[in-house]
Amino acid sequence: MYLKAYAKINLAINVVKKRKDGFHDLDMIVLPLKLHDTIATSRISKKQTSHILINDGTPNFTNDICGNVIKAISDKFNIKKKYEFAIYKDIPMESGLGGGSSDAAMIYRFYNKKFKLGMSDVTAINFLKEYGKDIPFFLMNKPARVRGDGDLIEPITIKKDYYVLIVKPKQGLSTKEVYEALTKQDYQASDIENVIKALQDGDDNLLAKSIGNALETPAIKKCPKIKEIKDYLIKKGFPITLMTGAGTAVFSLSLDKDKVEETANNLKKLNYQAFYTTILKE
């Protein structure tokens, strides 16, 4: 069986508060992309351990997000059958594009289809959010406002069909290190109500003025290349430009495919990962 695990971008991230458990309540606008990892699943011997293979073919038994979800599902539902999940990565790691969470969400869907786990949507969200706050969004995989602990998901509409230019420097960042550098002054970075209105109305000027990411400032402190990329893209005529997630990828939205493609090719020559995709609406 082959599964597609789609990427995402954040047009807005505001931090509402830091909770007593050390995590943060967020208010975000999240859009799924057609860019995706591909996961090939296969049954293996019961004597083996269910595991992940990533592009190079080396088994990964470490406690990453996918491994944790596999173990949690197997333990909770007493699943004895063992599987190998070969993940062919097209979503860059440590980019803020959600690859790990999306992979984990698709692995849950595999087990749910195979073993009819019987969890309601609410139960599945509450179960999976413990392993990654973006996983609940990827279960729905539609443009949405996402709040709270990642478990409050409200679909939104988008009028225009944008091309999404994505640029990533070589350096990646872990979500943990970015949040550790976050200050209260960074919390409110975007006007989320206006982001929603701009997407619904197709108002690019309002959208460019309203987007923002509370994690961008602390991420730039760790990786100054983020700001260099962002400044370059804005100067090249992409006003709707922002870092996604906890970085380090920066995206721009545009209706001009030729301009997007040309810019991606130019940035590749400067040794950045650069490519483009579109928004997944269905």
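These legends describe close-up views of a predicted model. Local features need pLDDT of at least 70, side-chain atom pairs count only at pLDDT 80 or more, and totals for chains, interfaces and linings use all residues. Residues are numbered from 1 along each chain as its sequence is written, and side-chain values use heavy atoms, with hydrogens and water left out.

**View A. Helix H1 spans residues 65-76.** Helices (H or I, at least four residues) and strands (E, at least two) are DSSP runs, numbered from the N terminus. H1 has 12 residues and reaches 16 Å from first C-alpha to last. That is close to the expected 16 Å, which is 1.5 Å times one less than the number of residues. Cys66, Val69, Ile70, Ala72, Ile73 and Ser74 are buried (under 20% relative accessible area, 1.4 Å probe, protein chains only). Their cover includes strands E3 (51-54) and E5 (82-88), and helices H2 (99-115), H3 (121-128) and H4 (135-140). Just after H1, Asn78 has a positive phi of about 50 degrees.

**View B. Asp25 sits in strand E2 (residues 24-44).** Asp25 has a relative accessible area of 14%, so it counts as buried. Its side chain makes a polar contact with the side chain of Arg19 at 2.9 Å (a pair of N or O atoms within 3.5 Å; within protein, one must be able to donate a hydrogen and the other to accept it, and residues adjacent in sequence count only if both atoms are side-chain atoms). Beyond four places in sequence, Asp25 is in contact (heavy atoms within 4.5 Å) with residues including Asn14, Val16, Gly148 and Asp149.

**View C. Thr263 lies in helix H10 (residues 257-269).** Thr263 is buried because its relative accessibility is 7%. Leaving aside neighbours within four places in sequence, Thr263 contacts Leu165, Tyr232, Leu233 and Phe238.

Definitions and conventions
Buried means under 20% relative accessible area, exposed over 50%, partly exposed in between (1.4 Å probe, protein chains only).
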